[in-house]
Amino acid sequence: DGCGHTVLGPESGTLASINYPQTSPNSTVCEWEIRVKPGQRVQLKFGDFDIDDSDSCHSSYLRVHNGIGPNRTEIGKYCGFDFQMDGLITSKSNEVTVQFMSGFHTSGRGFLAAYSTTDKSDLITCLDNASHFSEPEFNKYCPAGCVIPFADISGTIPHGYRDSSSLCMAGVHAGVVSNTLGGQINVVISKGIPYYEGSLANNVTSKVGPLSTSLFTFKTSGCYGTLGMESGVISDSQITSSSILEWPNQTGQVNIWKPENARLKRVGPPWAALISDEHQWLQIDLNKEKKITGIITTGSTLAEYYYYVSAYRILYSDDAQKWTVYREPGMDKDKVFQGNTELYQEVRNNFIPPIIARFFRINPLKWHQKIAMKVELLGCQFSIGRAPKITLPPPPPPPPQNKNDEKNADFIDDFIHSVKTSLQTDKTTFTPEIKNTTVTPSVTKDVALAAVLVPVLVMVFTTLILILVCAWHWRNRKKKTEGTYDLPYWDRAGWWKGMKQFLPTKSGEHEETPVRYSSSEISHLRPREVPAMLQTESAEYAQPLVGGIVGTLHQRSTFKPEEGQEASYADLDPYNSPIQEVYHAYAEPLPITGPEYATPIIMDMSSHPSTPLGVPSISTFKAAGNQAPPLVGTCSKLLSRTDSASSAQALYDIPKGQPGPGSADELVYQVPQSVAHSTGSKDE
């Protein structure tokens, strides 16, 4: 009379003393005989141990034996308050006897233990929760019998369970392990949530829970999708029943609670049977074999009709003729599933192992007032992999036989026959190919096509967007490179051709050659006058001319500013003249309608070794109209330092965009003042 909560499964189980976790009564005894498959051994683990040891384990103790019966041998005798059992107790055979003796005592909770076969190295007990483990993800083995009244859980799937919940009890609630068989769980720890919902599932009630620092969920096969009752994938013609409730209301309208009304979360009345007895059923045709892993039920969901089914059986078939009642493995009784306790709440029950069938039938056993319910099935598609064909080689020609050869031939024939038989019987033992889906087969045919088209379309649109962005970026970058005082991009090639004439064909050393100014010419120059501008076809920007022997394009300006001042965009004219005008150091854009003039460059060519003597100075300025340019007063006086006082002659460039020197009528060159003066004196 000292046995408490006990579930002895074929591979694992749970046992506890009477009244656990309360104090067990005095003078009680209980003995458990545990037996697993031959060839295996038993391991025992204690989740809690609190037995009075005031008399040194004489009257109150727990004793573990190898074997069962009179030939058993003792492994150990244990007692003590809050005794911590390190490790596991392992048997030497497949049989173990556990004996609990409770003598006279005033305190002590007793014990709770779990057992399994020794191949389950990660065995835990029903009292372990997620806070006992620090890993973010781990695998453990839950024993059978962890639906215990003294453990609590909070939460539900898919949101998760509070970290204080029992791992194995939550696994039963989630439908990943069976309470009668136990099983492996894969736990994932994550951040907690402020509120945990409560629900009823697999005969386990989950309570509402407050905020926690962490929660845990379970990794599963993923075969828990809805099969189409709520969504309408299962048509009305696929839902039938043993009878239909019909009655007229006060207005004379007939109410019919048809089987197609039995769709979960569908507004309106449910399915109800005309007669409430144990022979009623609701049947669902899935059109082909499916893997069914669970069922969700509710009552009538109508407040004025407080109807619901509180217990039922499950039957399944492949042809709707021969039906099989669902039983758990190793059990010789039909499994009775807990139904609803009121008309609104959704109650879930899972099938471990799952049901493989086309026809599914619910047989109510207990109900409140009338049989009425709404349902939804959980599961996924199911397909059987075919075994590969194996062809045996043809037998060799029979050799000469004797008696021994005849025996060998008979043995070979028997062996070949046994191989063929085993191949035929093993055609469906290969691992099935599971596809998790909640849609009809007609819809799943398009899944492969969509899986190909969607990525292709995404890649095409992405490529187009990238091309447009690059084109826009290139256009903006091109605009930015065209500065205010730069050439338009369509005229840069012509500019470069014009600059080539100033570049030497070969330069051994990149040295800067200073420009020298003639002092004799500087003394006769007058203030620079603004000449008339040449007509051009389009608006262009004047470029500074470079004279002298230049090695690179990055030479300094040919104009020398006054000493002590730093050139800038607004410096004064570097040449001394009565009229002080401000010129920019760089050329400004020319007007569209006005002509263009090149900047005069006065160079001292007398010191250049390649310059012949007597070369006349030439001006790039063109006189207005066809009149000859004045000989005196056309140039400003230069105040910059010069390196030579000799009479040098200045060279002037041809205006940009004008005809070549071959046209004598158009090209008229001004003579520098120094040359004109000397000529005039000779004439006199």
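Residues are numbered from 1 along each chain as its sequence is written. Because the model is predicted, local features need pLDDT of at least 70 and side-chain atom pairs count only at pLDDT 80 or more, while totals for chains, interfaces and linings use all residues; side-chain values use heavy atoms, with hydrogens and water left out.

## Overall make-up

The protein has seven helices and 28 strands. Helices (H or I, at least four residues) and strands (E, at least two) are DSSP runs, numbered from the N terminus. Of its 684 residues, 39% count as buried. Buried means under 20% relative accessible area, exposed means over 50%, and partly exposed lies in between (1.4 Å probe, protein chains only). The accessible surface of the protein comes to about 39,100 Å², and carbon and sulfur atoms hold 56% of that area. Accessible areas come from the Shrake-Rupley method with a 1.4 Å probe, and for residues only the protein chains shown count as cover. Among contacts with a separation of 6 or more, 78% are between residues 24 or more positions apart. Contact means heavy atoms within 4.5 Å.

## Sheets and strand pairs

An open sheet of five strands has the order β1-β2-β9-β4-β7, with antiparallel pairing. Its edge strands are β1 and β7 (89-90), each of which pairs on one side only. Two strands pair if DSSP finds at least two bridges between them. A hairpin of three residues joins β1 to β2. Leu8 has Gly13 in β2 as its bridge partner. On the way to β9, Thr14 stands opposite Ala114.

A further open sheet of five strands, also paired antiparallel, has the order β10-β13-β16-β12-β11. Here β10 (137-142) and β11 (155-156) stand at the edges with a single partner strand each, so one side of each is left without a neighbour in the sheet. Thr156 stands opposite Gly160 in β12.

| Strand pair | Residues given | Bridges |
|---|---|---|
| β1 and β2 | β1 3-8, β2 12-17 | four bridges |
| β2 and β9 | β9 110-117 | five bridges |
| β3 and β8 | β8 95-102 | eight bridges |
| β11 and β12 | β12 160-162 | two bridges |

In strand β3 (residues 28-35) the side chains alternate.

## The largest nonpolar core

A nonpolar core is a set of buried Ala, Val, Leu, Ile, Met, Phe, Trp, Tyr and Cys residues joined through side-chain atoms within 4.5 Å. The largest one has 26 residues, and those with the most contacts inside it are Ile295, Ile314, Phe351, Ile355, Phe360 and Ile362. Two or more residues each come from β22 (282-298), β23 (308-317), β26 (347-368) and β27 (372-383).

Ile355 is found in strand β26. Ile355 counts as buried because its relative accessibility is 2%. Its C-alpha atom is separated by 6.5 Å from that of Thr293, 62 residues apart along the chain. Leaving aside neighbours within four places in sequence, the contacts of Ile355 include Lys290, Ile292, Ile314, Tyr326 and Phe360.

Helix α1 (residues 167-174) is mostly covered, with eight of its eight residues buried. Among them are Leu167, Met169, Val172 and His173. Gly175 follows α1 and has a positive phi, near 85°.

Asn202 lies in the loop between β14 (199-201) and β15 (204-206). Asn202 is buried because its relative accessible area is 15%. Beyond its neighbours within four places in sequence, Asn202 is in contact with residues including Val172, His173, Ala174 and Gly175, and also Arg348, Asn349 and Asn350.

## Leu453 in helix α4

Leu453 lies in helix α4 (residues 447-481). At 45% relative accessibility, Leu453 counts as partly exposed.
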